[in-house]
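Look at the structure, then work through the answers.

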Amino acid sequence: MTDSTRDPRLVVEVLSEALPYIQRFSGKTVVVKYGGNAMTEDTLINSFARDIVLMKEVGINPVVVHGGGPQIGSLLEKLNIESRFVDGMRVTDSRTMDVVEMVLGGLVNKGIVNLINQCGGKAIGLTGKDGAQIRARKLQVKHQSPEMTAPEILDIGHVGEVESISTDLIEMLAAQHFIPVIAPIGVDEAGNSYNINADLVAGKLAEALSAEKLMLLTNVAGLMDADGEVLTGLSTAQVDSLIADGTIHGGMLPKISCALDAVKGGVSSAHIVDGRVPHSTLLEIFTNAGVGTLITNTSPATSA
């Protein structure tokens with residue numbers, strides 16, 4: 001449907017539905033982890049950038065944390081550097097870390113910044129090394145096979161976890177109407193760089209900022225129950241039960257655990273959002289239906 005044929009009454013209805021959400025979340029911080037299909041398909045890329053700008057224009061303070069695994073893999077292949085994974089994590093030696101920094105801190109980060117700026121926003125790109133925002137430590141990976149009596153510690157190189165986060169720089173930029181776009185690269189006290197899972201960085205950053213919402217864009221419709229139906233609203237207690245009974249497992253478990261930890265750490269709500277849907281972030285924030293799974297400490301019936 002083109003602009004000339006769109007029923008103006010539908011536009012008014014949409015704006016009217018969004019009004020109470022705009023009023024409720026104006027002045028609040030929303031941390032958005034950007035990745036998956038939303039980061040690789042042109043239509044979704046453009047809708048995401050417009051969503052972020054619109055959020056800022058109505059008074060919400062979005063902070064974007066992005067991934068870039070496929071882009072890293074593509075450049076490593078071009079450079080004839082082998083990609084190896086342990087438990088889904090990329091083994092990152094010094095050469096690979098150089099590529100990670102080039103891709104995440106350069107190509108991907110500045111591409112997102114440019115898109116947001118082209119849509120009328122004021123984005124600025126950072127890594128966790130800027131202002132020593134993300135203090136990292138080396139991730140200890142334990143591996144145990146059935147025949148082993150004790151787990152072994154695997155060295156997967158420059159892969160880290162968050163030790164602490166400083167929010168001073170992000171808060172200063174947001175106050176000056178900038179939109180921070182952050183690559184998940186941290187630094188330790190010795191100055192060594194570490195590649196950190198973007199979901200984990202987004203969750204810890206949301207906690208540090210006392211964010212209203214954490215939104216994790218993914219390539220599925222949300223958290224599914226045993227019958228394949230999307231669970232649209234869950235309390236932290238319900239999520240704990242779903243993890244305990246095995247409903248949440250496999251690749252979804254780390255993402256849900258990240259969202260769960262953020263809510264338990266003080267974030268008002270976390271959302272697993274279907275990034276394959278155009279304007280998914282706006283649909284989740286400003287409409288009654290949403291397009292994903294909501295996790296909150298309060299009754300889902302009273303949350304948005």
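Q: How do the residues of the lining of the largest pocket divide into nonpolar, polar and charged?
A: The model is predicted. The lining of the largest pocket is made up of 38 residues. They divide into 15 nonpolar, 15 polar and eight charged.

Q: Which residues lie nearest the centre of the largest pocket?
A: This pocket holds about 1,100 Å³ of space. Among its 38 lining residues, those nearest the centre are Gly88, Ile196, Asn197, Ala198 and Asp199.

Q: Which element gives the most to the lining of the largest pocket?
A: Several elements supply at least two lining residues each: helix H3 (69-78), strand E4 (89-90), helix H6 (198-208), strand E13 (213-218) and helix H8 (252-264). The top contribution is six residues, and it comes from H6.

Q: How much space lies in the second largest pocket?
A: Its lining has 16 residues, and the closest to its centre are Val14, Leu15, Leu54, His279 and Leu282. The space in the second largest pocket is about 650 Å³.

Q: Which helix gives the most to the lining of the second largest pocket?
A: Helix H1 (8-25), helix H2 (42-57) and helix H9 (280-286) each supply at least two residues of this lining. The one that gives the most, with seven residues, is H1.

Q: How many residues of the lining of the second largest pocket are nonpolar?
A: This lining comprises 16 residues. Two are polar and four are charged. The nonpolar residues number ten.

Conventions
Residues are numbered from 1 along each chain as its sequence is written. This is a predicted model: local features need pLDDT of at least 70, side-chain atom pairs count only at pLDDT 80 or more; totals for chains, interfaces and linings use all residues. Side-chain values use heavy atoms; hydrogens and water are left out. On a 1 Å grid over the protein atoms alone, a cavity is a set of points where a 1.4 Å probe fits but cannot get out, and a pocket is an open set with protein on both sides within 12 Å along at least five of seven lines; lining residues have an atom within 4 Å of a point. Grid points are joined across faces, edges and corners, and a volume is the space filled by probe spheres set on the points. Helices (H or I, at least four residues) and strands (E, at least two) are DSSP runs, numbered from the N terminus. Ala, Val, Leu, Ile, Met, Phe, Trp, Tyr, Cys and Pro count as nonpolar, Asp, Glu, Lys and Arg as charged, and the others, Gly among them, as polar.
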